[in-house]
Structure formats: structure tokens, C-alpha cells
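Reader: I have a model open on the other screen and would like to talk it through with you. Could you take me around it?

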Amino acid sequence: MKLKSSLLKKLPSSGAIYGIILFVLCFSLVIPNYFTLHNISNIARQSAVLCFISMCSCLAILTNQTDLSCGAISSFAACVAAKAMNGGCSVLVGCLIGLLAALAIGAINGVLAGYTEIPTFIITLATMNIAESLGMVLQGGTIHIPYESFKLLSEGNILYIPIPALLVAALYIAMNYILKHRKYGTYLYAVGGKEDAAWTSGINVKRMKLSVYLINAVLAACAGFIYAARLSAANPSQGNGLELNGICAAVLGGIVLGGGRGNVFGALLGAIAISILRNGMNMLGFRILTQMMVIGFILIVILALDVAKKEAK
Amino acid sequence: MKGKDFLMKYSRIVILVLIMAGVSIASPDFLKPSNLLNVARQSSMLLIMSLGMTCAMLLGRGVDMSIGATLSLTSCVAAGFLRSNDTVGSVLIGIVIALVIGMFIGLINGVLISYLHLPAILVTYGVREIIRSVAFFYMDGDIISGFHKFVMFMGSGFAFGAIPTQIIIALVLTAATAWMLKHTRMGRELYVVGANPSAAKFSGLKAEKSVILGFVLSGALAALAGIVYLGRLGAAEAEIGNQFHFQCVSAVAIGGISFAGGAGSAWGAVIGALILNILINGMNLLNISSYWQGTVNGVIIIVAVLLDYVVRK
Amino acid sequence: MMKKTTLTMAAILTAAAVMTGCTSSAPTAPASSAAAGSDTAAAASGESYKIGVFTKDSTTAFWRYVVQGAMAKGEELGVEVIEYAPASYTDSAGQLSMVEDSISAGVDAICIASCDSTAIVPALEKATAAGIPVVIFNTLVPDFKDNITFVGVDNYDASYRVTEELIKAHDGKGNLVILEGDPAGYQNIERTRAVTDLAEKYPDVNIITRQPGYANREKSMNAMENILQAYSDIDMVWAINDVAAMGCVQAIEGAGRTGIDVIGIDGTPEGATAAKDGRLKFTIDQGPFDQGAMSVQAAVDYLNGKEIEENYATGGTIVGTDNADAFLQEFYPDFNK
């Protein structure tokens, strides 16, 4: 009994969970072969990148900031890693170098965001351009990854569970723990919720903001590696549009724009919901144009209903 | 003190002059009249779109991500009326239709943002996805080409023998927008709603009307840009205009708009568009790979807003 | 709590309704494909096969023609053709997901023009492992050996032929500009290789610059405008495809420059019309309808146990001013009306 109620408390108060249940129900009725291990592991692999990026958006939104650069940082990190690997580095060293590259951009974001009053929208817009451009300067296009083993990051399994799914799970469990049970988490919510109050209670708001962008850079780099592992190639434009998808996923999952409220698992559910929707529409043979319309429509409907909910209170 | 005030007011023009000086020192070809005209010509489209973006951003609700999609849909639908063997009357009808569609999209954006209090960036993103897919469905891959000579004149013609018509149209629209923003009540209200929403409410201003107006103007200008663009490209296809939203935000940010709303001008958009294109032109003249353009863009955005921030302190 | 749940349920239901309401209708305009491969009357089999046709993007004219050809052949043979295309040719991950999802959905055969010839290999291997035959069309996937056939043009060959026409029209000399596509794309590499090889063969042809236009009209136009600014002496422009070529043409006309010949590849009706009007020097037909139709035919033949060839060539006609009209009449009589 006790376990059940504490579990229920952990359920995020977002509509995404119902969306997922409904999509899965609808799709499994209409599509044969939907509920197979094969398809589920496909979805897990296809959604991993968005899950990571969604966390980036989540952290940014929680602190009342914007991060438009996470998509470009993910491609940039992947390109740097790929280039390093082609230059003779091992997979691990290549990824490390890619990570450092991402952190460099993240540092620019963080310093400007924390220590000046420049709107984070414009900071991350600028660094988004820079990251994508630097990725192109590296090789002007797709860089192929010379190691077969790198593919495993996306295509491999451990005990039949896709590796990306394990990574996503680890990420979200860890972040949830930090945000709910450690000081850092409390400070994070405080900075987003009421920045002045956070100031007066002695929280170093500047460092907190900086930290968010550094963490985002790391997460974006991981997303980039998983993406590149899927294709065995890195492309500087691969992250285009990911950042907006991430924001959509986070918002759909119940992260409140304006900061300070929302459970990270909401971001996960939002990302999964979008991925399930995409996968189902693909299996049904919907043209991509139809898919675009559906997702645009759903976004607006969910937003409106979210607002209606708030006003109803 | 005086120097600081001067800097604050004219910082953008100072940057523009410095950049022009720098580029012309590095490459004497820059100051050739044909080159300067080329730069002005390439800036025209961006300028018209940025005027619309300015109107929307003055409100302080966020950016309009849908302008590129609006450009695409309006130009594709209007294209059918602008063929080379159509009458001038038909051309005028086509332009009116484009405007109506553009304003309608702006209306939808404005209503969702003002009455439903939805965040602009997500609403316009959702609308963008929907409008893009409508445009793609409408054209279904077809291209419409062969336009009326009046349209071609607007987009790629030369007035008075040597001045590209695009430039004149862009400047006329800029002057009109600047006048509207400064000398009409509805224009000034855009500023008030952005700068001080509570004061606006207090003085009986209906913020919703202004918000809708701002986005309607954005849509209308995108539609006009679409017509000129048809003349420039010589063809209508659904794919066009997709990168404009980020370019426009960059241009208006460089031009000095405040992201919180309430400050910014049509002439700022001119400077922003010019700076962006002069930098690109400079890089081309110096044979710097086009891959670096994004980095230069990003850096200049940061420099411009940083300058603002430092000067304001 | 109750209200929130019901509201959210309502939202999802609306979305679901929209979803199921939007049926995946694809254009079934009759394709006037000349002599579409061999074959006689319909495959008599009572089964309706599901053939997945994967194109590089869902919006460009060329790929719409491919799909039209495929759909028409599907109707003729009594099989179901499902179209899969990402929003843009840069979305190779999207195409990969589509391949995976189509395997889950149980397609019987895959016909694919890959966005990225290396990235797609794992997905195609999965298809083969699942017993699904793979037809490659339009762009080769050199690292995948198990395709049952290739349908399309040899990109190197097509580019070579049309470029040589241009060079010969200039007596084997002049300044040449390359307006390429995505520099890392396999198709681009093959097509541009032909140009560089020809520049070696004709020593008086100078490649003065090589810029990427990404096979996009606007980007190619911008790139060309900048090139025109930087170079006062240009004789020939090679563009990766017709859309890029038209961007170049527009840039040249907009700048008031004359004496520059532009060529493209693909043989789209827009390119052919421009050739007819003398604005474009040459283009070369890729035969998009045939690519779609013959891919489907080959897939169905294979499924029915018939012998198929290793290679089916499509297109090949060089379209210039003199034959443009006839070309348009034959393949695209309704274009731009």
C-alpha cells in the first residue's frame, strides 16, 4: 500500500502520460505488428536523442531561460569527435574531445547568461549559429566514423535492452534524484521560480545559470554521439530543429514556461509521446507533411488546454 | 557622459561604419558601386521580413517563427495570379490575396498569443509547421514560373536605369513602417504594450488588439516580401523562405531591438540587415569560405548586444 | 484533478481524431512514362504486395514525379505502393527511421533512393535480414551488396555526357564555375568527379571556382550572385541539378550579365522549359517516372519469382534548345499551365 501511494506521488502531473497511453492504444488497434519487441526497441532507439535534448530544454525552462543552441552543439560535438576519430583517436578519446568542444560553447552560453543581462534567447541563437558554422568548417559536410564499434552506442543491446534506452533511463533517474533530493536541485527550482528570492537567500544565481548551460552542453554532446552512432556519420546540420523539438517535448510534458515548476520525468514523457506519435504515423504510411500538420496542431491544442487548466484553477 | 549617450543612441550606426571601413580596407572591391548595390539588393528581402519581425517583437511577447512559412504559402498561392500572360488586374488581385492570407495567419498567431496567453515562440512554431505543410500540399512539388513583367520588375528589375527596384521597395516599406510606428496611435501602442504592459492596461489600452496588430503586420510584410521574392527568384516553390526566421531575429537583434519589448525601430532593422549582408559580402570578396558565415554572424550578434549591455550599465 | 484529466483526454482525443482523419493520400496523376520497362499485363497473383518507395524528400518536383511513376505502376500491377519521404534530403536519420518502421509495418519490398549512402546501410541490412528485397534507385549505395537491382542513371556518366556537350559547344575552352550540392553527398561526389575529369581532358577549360549551393534554389542563387561579383570573366556554369541551375540563371539575368551558359542535371520540366527559351543551355533527363515505375516493377517481379536484371537504365536524353519542345510534349504536356 505504502509503495503504491509513493509511486503515485512520483507520477508527473502532465497530460503526456495519457497521450502516450492513448496513442499506443490507437496504434495497436490500427497497426498490425505494433506491439512487438522489435518495434518497441526501434522506438527506444529513435527517441533517445530527443530525450536527451528534452532534458536540456527542461533544465533551461526550469530556470526561466532558453537554450536554442543544444541542437547545434550536439552536431558540433559529434563532428569534432568524428574528425578526431578519423585523425587516429580512439572512440573514447574522440568523444572526450567532442565533449570538450561542446563545453567550450556551453561555457560561452553560461558566462553570458549568468553574468550579463542579455536575453538567453539571443545568446543561444548566436552560439547556435557559431556551433553549426564551426561544424561545417571542420569538413563542410558529413564525416564518416571509421569505427564499427561506435555504432553500438545506438544499435547495441545489453540483455536485450537497447543501450540508448539504458542511457536515457540512467540520465533521468540521476537528474530526478539531483533535482529532488539535493541542494543543487532546490537551488535550481528557486532560481527559476523567483529569482530575487533566490538572490536574497544567498544562492549564487550566476553560477547556477552558468552550470545549466554547462550541463546542457554535456547532454547535447551525448545526444550528438547517439545520433552519429545511428548513422555512423556526423553532419553539422543534423541538429537543426532539435532544439525546438526539445522545447515542445518539455512543454508537452508539463514543464511550465516561466520557470520553477515541473518534474523532469515530464520532459521524458513528452519526448516519448512525440516519438511514439512519429513512429506510429510512419508505420501507417502518413506522409511527412501530414505528420508535420498533426504535430503542429497537437502542440497548439495542448498548449491551449494547459492554459485553460491553469485559468480554471 | 555625452560620449556615452552618443554611443547609446548611435551605437548601431557606429558598428555599421566600423564594419564597412574594415571590409573596405581589407578588400578595396567592396566600395565599387556595383558591389554596394549588390549588397543593398541582397539585403532588401531580409529587410522587408525584418520589418515585420520588428513589429511583432516590439510587443515583448517573443518572436514570430512563422514568417518564413507565411512567405512561402502566400507567394505560392498568389503565383497563380501573377503569370506572364495575366492582366495587371489579375496581378493586383494576386497581391491582395497574398496580403489577406498573410494577415490571416498573423491574426491566428495574434489571437492565440493575446487571448489565450500562449507563448509566442511555440505558437508561431506550431503555426509554422502547419502552414508549411499546407504550402507543400498545395504545390505538391510543382513549380510555377514565368511571371508578369511587373512582378519581375519588382523583384529583379532596375528603376531609373541602375537602381534595383527591390531596394526602392524595401526602403519605401521601411519608411512607411517607421512612420506608422512613430506617428500613428496604433503604432505607438505597440511600443507601450511592450514596454509597460501594466501601465498600458491601466490607461485602458486593450493589449490584445495591439498584439494582434503586431502579428498581423508581421504576416502582411511577409506576404509583400513574398511577392518581391517571386520576382527575384523567378519561380514559386513551397520550399522557399525557410531560413528567414532566424536570419530576421539576428538582423533585428543586431539592429538594437529589445527582446523584452518596447524598444526598437524600423531603421534598426535596416542596419541589422545591412551589417549581416556586408559581412557576408566581405567574406566573399576575401574568398573566405562560406562555412565561416555562421560564426561571423554569431559573433557579431554577441558583440552588438554586449555593447548595448555594457553601455547601458 | 478530475477536470485536468478530462481536459487532457479531450485534447488527446481531438488529436487522435485529426490523426485518423488525415489519410495518407498521395497524388495519383497519370504519369506519361514512355515505354516503361518491359512487361505485359498485370501480375496475376491475388496477393496485394506492399511496396515501400523511399525518396530523398517529399517536396521537390523530381521526387514527386518518381512517386507518380511508382504509384501508376502500382495501380497497373495491383500492388500497394507506400511513399516514404523525409521533409528534406538532409534528414538521413529520418529516412533511417522510416525504413525501420516500414520493416515493422510489414512491407514486402523496399525501393530506396538514399539520402546518405553510408548511413542507410545498417537499415538496409536489417531489411535483408528480415527477408525483404531491396531495390536501389537513383543513387548507388556502394557498401550494400545485397540489393536485387539498381534502377536509374549512372551519375558520373550523366554528368560527364552533359558537361562534355557544354564544353564542346565552347570549343573546348573557357572559364567554368562549379555550383555543387552537398559536398559530402555521394551523388554530388560522382557528378562533380565527371567535371573535374573533363577539365583534365580539356586543358583549356579552367575551373575558376567551386561553391556549394546545396541543390537549393535560393542558396544557389545567392552563391551565384556572389560569384558574379567576384569574377568578371565566366563562360560556363555547371550546376548539380536543374533547381540549382535555375537559381544560377536567375542570378545571371538579375545581374544583367550575358554570355554565360548554364547546365543542369535531371531533365525536370522547368529545366526543359528554360532550355526551350534559351535560358538554360542543357539538361539531361534522369527519367524520374521510369525510376519510380521500374523500381516497383522490379520489386514485384522479384516477389513473383521472375528473373530481373542487375541494372535498369533510365533517362539519358540530353535536352537542349532544339529538342526541348519535343521532350516537354512527350513527358510533361501539362507542365506550368
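Reader: Let's begin with chain A: what share of its contacts with a separation of 6 or more comes from residues 24 or more positions apart?

Author: Keep in mind that this is a predicted model. In chain A, residues 24 or more positions apart account for 77% of the contacts with a separation of 6 or more.

Reader: And how many helices and strands does chain A have?

Author: Chain A has 14 helices and four strands. Its C-alpha trace spans about 60 × 55 × 40 Å along the principal axes, and buried residues make up 61% of its 313 residues.

Reader: What is the radius of gyration of chain A, and what would a compact globule have?

Author: The radius of gyration of chain A is 19 Å, which agrees with the value near 20 Å that a compact globule with 313 residues would have.

Reader: I have clicked on N279(A); where is it, and is it buried or exposed?

Author: N279(A) is found in helix α13 of chain A, which covers residues 264-283. N279(A) counts as buried because its relative accessibility is 0%, and the cut-off for buried is under 20%.

Reader: Which residues does N279(A) touch, leaving out those up to four places away in sequence?

Author: With those left out, N279(A) touches Y34(A), N39(A), I43(A) and Q46(A), and also D101(C).

Reader: Switching to chain C, in what order do the strands of the four-stranded open sheet come?

Author: The order is β7-β6-β8-β9, and the pairing is parallel. Strands β7 (205-212) and β9 (261-263) of chain C stand at the edges with a single partner strand each, so one side of each has no neighbour in the sheet. On average, neighbouring strands of this sheet are turned by 20 degrees against each other, direction ignored.

Reader: How many bridges join β6 to β8 in chain C?

Author: Four bridges join β6 (residues 174-180) to β8 (residues 236-239) of chain C, and these strands run parallel. Looking at one residue there, I178(C) has W238(C) in β8(C) as its bridge partner.

Reader: Which strands does helix α5 of chain C lie across?

Author: Helix α5 (residues 155-169) of chain C lies across β6, β7, β8 and β9 of chain C, and runs at about 170 degrees to β8(C). Helix α6 (residues 186-201) of chain C also packs on the sheet, where it touches β6, β7 and β8 of chain C, and its direction makes about 160 degrees with that of β7(C).

Reader: What about β3 in chain C, which way do its residues point?

Author: In strand β3 (residues 109-112) of chain C, A109(C) and C111(C) point one way while I110(C) and I112(C) point the other way, and all are buried.

Reader: Which residues stand opposite I110(C) and C111(C)?

Author: I110(C) has G52(C) opposite, and the strand β1 (residues 50-54) of chain C pairs with β3(C) in the parallel sense over four bridges. C111(C) stands opposite V135(C) in β4(C), and three bridges join β3(C) to that parallel strand, β4 (residues 134-137) of chain C. Together, β3(C), helix α4 (residues 121-129) of chain C and β4(C) make a right-handed β-α-β unit.

Reader: Now charges: how many salt bridges are there over all chains?

Author: The count comes to 25 salt bridges over all chains. Side chains of opposite charge can pair when their charged atoms come close. One of the pairs is E148(A) with K151(A), at 3.6 Å from N to O; E148(A) is exposed, with a relative accessible area of 62%, whereas K151(A) counts as buried at 18% relative accessibility.

Reader: Why does the pair of R287(A) and D140(B) join two chains?

Author: These residues form a salt bridge, with the closest N and O atoms 3.8 Å apart. R287(A) lies in the loop between α13 and α14 (288-312) of chain A and D140(B) in the loop between α5 (120-139) and β1 (144-145) of chain B, so the pair joins two chains. R287(A) counts as buried, at 6% relative accessibility.

Reader: And what does E237(B) pair with?

Author: E237(B) forms a salt bridge with R217(C), and the closest N and O atoms are 2.9 Å apart. This pair crosses between chains, from E237(B) in the loop between β4 (235-236) and α11 (244-254) of chain B to R217(C) in helix α7 (residues 217-230) of chain C. Both E237(B) and R217(C) are buried.

Reader: Which residues are joined into one network by salt bridges that share partners?

Author: That network is made up of E155(A), R230(A), E100(C) and K126(C).

Technical notes
Residues are numbered from 1 along each chain as its sequence is written. Chains are lettered from A and ligands numbered from 1 in the order in which they are written. This is a predicted model: local features need pLDDT of at least 70, side-chain atom pairs count only at pLDDT 80 or more; totals for chains, interfaces and linings use all residues. Side-chain values use heavy atoms; hydrogens and water are left out. Buried means under 20% relative accessible area, exposed over 50%, partly exposed in between (1.4 Å probe, protein chains only). Contact means heavy atoms within 4.5 Å. Two strands pair if DSSP finds at least two bridges between them. Axes are lines fitted to C-alpha atoms, for helices over the stretch in contact, and angles run from 0 to 180 degrees between N-to-C directions. A crossover is right-handed if, with the strands pointing away from the viewer, the path from the first strand over the helix to the second runs clockwise. A salt bridge is a side-chain nitrogen of Lys or Arg within 4 Å of a carboxyl oxygen of Asp or Glu. The radius of gyration is taken over C-alpha atoms; the globule rule is 2.2 Å times the number of residues to the power 0.38.
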